[in-house]
Amino acid sequence: MIDDLWYKNAVFYSLSVGSFMDANGDGIGDFQGLMRRLDYLQGLGVTAVWLTPFQPSPRQDHGYDVSDYYNVDPWYGTLGDFVEFTHAAKQRGMRVLIDLVVNHTSNQHPWFQAARKDPDSPYRDWYVWSDKKPPHADTGMVFPGVQETTWTYDEVAKAWYFHRFYEFQPDLNMANPRVQAEILKVIGFWVQLGVNGFRMDAVPFVIAADSAVAPEPKLQFEMLRMFREFLQWRQGDAIFLAEANVLPKENVEYFGADGDRLQMMFNFPVNQRLYYALASADSRPLVKALKDTRSLPANAQWGQFLRNHDELDLGRLEEEQRQTVFQAFGPNEIDQLYGRGIRRRLAPMLEGDRRRLELAYSLLFTLPGTPVLRYGDEIGMGDDLSLPERDCVRTAMQWSDEPHGGFTKADRPGKPVIAEGPYGYEHVNVAEQHRKPNSFMNWMERIIRMRKEMPEIGWGDFTVLPTRNPAVLALRYDWRNNAVLIIHNFAHRPLEIRIKAGDDEQSRLLIDLLDGQHSEADESGRHLLLLEGYGYRWYRVGGLDYLLRRTEI
């Protein structure tokens, strides 16, 4: 059972093949380069790699405009290279997830080209068309301020087509059973080549039956069950990790009341309140988000994250909370995007403050769920705000202080490389941090190793313990007669707290797993703890004989 639910106690690592390492010398990262870095990922402690799109594409949206679902873009290699990569990952105990981008295709996809050229084409109703411009065509844009409409007139088709995203990404008609059947073929194809799961892009749009015409479209949740059944029929332990920024009350529909739909979802409610806590030293909205999202089927799991390849979306915060986060981490217009988010990596948002970076990533690894890292997080990579929109956080990985950060031997890299400033590759790179025992990367490796030895967080139930101070968050996890207690201080100043870890005898002893600052309770059963500014503690409740006390059920 535990082996089938491997994702409950895993460490995910998200990367773009084109930005990771170039082995072919053409300036673009490729699968050969990625394979050469698998030992690095294994050493870091990664157990699952999520790849952003690498299929053939005009690359107008970093590959999220797919023109062929059954191949690898020649920039990155061949199908043979991909299979060799998945085999090499498996040998190192790592699973591979890839993006499943099926809300839309590229307008260069043969399906769309056939659909626009012939109204009688079998592909015509694979997309959403209208003879007249719909009255609501200027609403519902995903990228407000950049995107002006959701309907575009096609001169060849003599009709308007629907696109929730950019105009070069026409939406597929997900109400069409033939489209659904084709998606199953795509899933089956990549599973056959060694894929262990899919990060499903824009899930609420994928399952919307009539999003082109209805302001609140009907969602086809049974489609998720169909996808799940097919995937697990092909490979029993394969998973879906869904991008669905929805309200907590809607979660059950995506997971399924019986856990028969999606296995994992990114926890956007917690992510946004986490940033508010970091900005305001007030953990109460974060606690509420944790409690609102705690109800899950037994086989489901949250994916917790700090940053990803998109903007930091703050759209579901209250206006005052959003402005607090903007002021703290993205006060300038150039920092912000789409009127709702921040387009920066975490390290520059926190001004490179090691204490705050450790606090943030300690939180990531100890929130209920499975942590998802973004490439470069482990060395504190920065961003390039001179690049448009979200491109600023998609720069090349910085491996060394050699030309182009060791990313490529080409004279001109095909991916932007941060070469100047405090986050330039001469100052921030893997090789430099490998050599320094106290580097952020070595700290991260240690934290990952410790997190993997704490299955209570991935499998157990959590309790928010009272601290009488909103700046301090205390979470206790219980699983199979074992428990851990995690405490974070969001304030910049030291704080002293009294906390009761539990009512049992084991709770009288707290073993510090990181610094050796153990604690024994006083006569009232409470622990007196001093937390430095932005401090954190990882405690094991009871002695280090916990494995001897662990039960089988």
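Let me begin with D61, which lies in the loop between β2 and α4; helices here are DSSP runs of H or I of at least four residues, strands are runs of E of at least two, and both are numbered from the N terminus. This is a predicted model, in which local features need pLDDT of at least 70 and side-chain atom pairs count only at pLDDT 80 or more, while totals for chains, interfaces and linings use all residues. Residues are numbered from 1 along each chain as its sequence is written, and side-chain values use heavy atoms, with hydrogens and water left out.

D61 is buried, at a relative accessible area of 7%. Buried means under 20% relative accessible area, exposed means over 50%, and partly exposed lies in between, with a 1.4 Å probe and protein chains only. Neighbours within four places in sequence aside, D61 contacts Y166, F168, Q169, R390 and R394, where contact means heavy atoms within 4.5 Å.

The loop between β2 (48–51) and α4 (79–91) also holds R59. Its phi is near 60°, a positive value in a residue other than glycine. R59 counts as partly exposed because its relative accessibility is 28%. A further positive phi, near 65°, belongs to R468, again a residue other than glycine. R468 sits in the loop between β15 (461–464) and β16 (472–479), and at 85% relative accessibility R468 counts as exposed.

I turn now to helix packing. Two packed helices are described by the angle between their axes and the distance between the axes. Axes are lines fitted to C-alpha atoms, for helices over the stretch in contact, and angles run from 0 to 180 degrees between N-to-C directions.

Helix α6 (residues 177–192) packs against helix α8 (residues 221–234) at about 30°, with the axes 10 Å apart. That angle makes α6 roughly parallel to α8; under 35 degrees counts as roughly parallel, over 145 as roughly antiparallel, 65 to 115 as roughly perpendicular, and the rest as oblique. From α6 the contact draws on Q180, I183, L184, I187, G188 and V191, and from α8 on M223, M226, F227, F230, L231 and R234. These residues divide into nine nonpolar, two polar and one charged. Here Ala, Val, Leu, Ile, Met, Phe, Trp, Tyr, Cys and Pro count as nonpolar, Asp, Glu, Lys and Arg as charged, and the others, Gly among them, as polar.

Which residues touch the most other members of the largest nonpolar core? In this core of 135 residues, they are Y13, L51, F82 and I187. A nonpolar core is a set of buried Ala, Val, Leu, Ile, Met, Phe, Trp, Tyr and Cys residues joined through side-chain atoms within 4.5 Å. Not counting residues up to four places away in sequence, I187 touches L100, F198, F227, F230, L231 and F240.

Y275, Y276, L278, A279 and S280 of α10 meet Q321, T324, V325, A328 and F329 of α12.

Finally, M444 is in helix α16 (residues 440–452) and is buried, with a relative accessible area of 0%.
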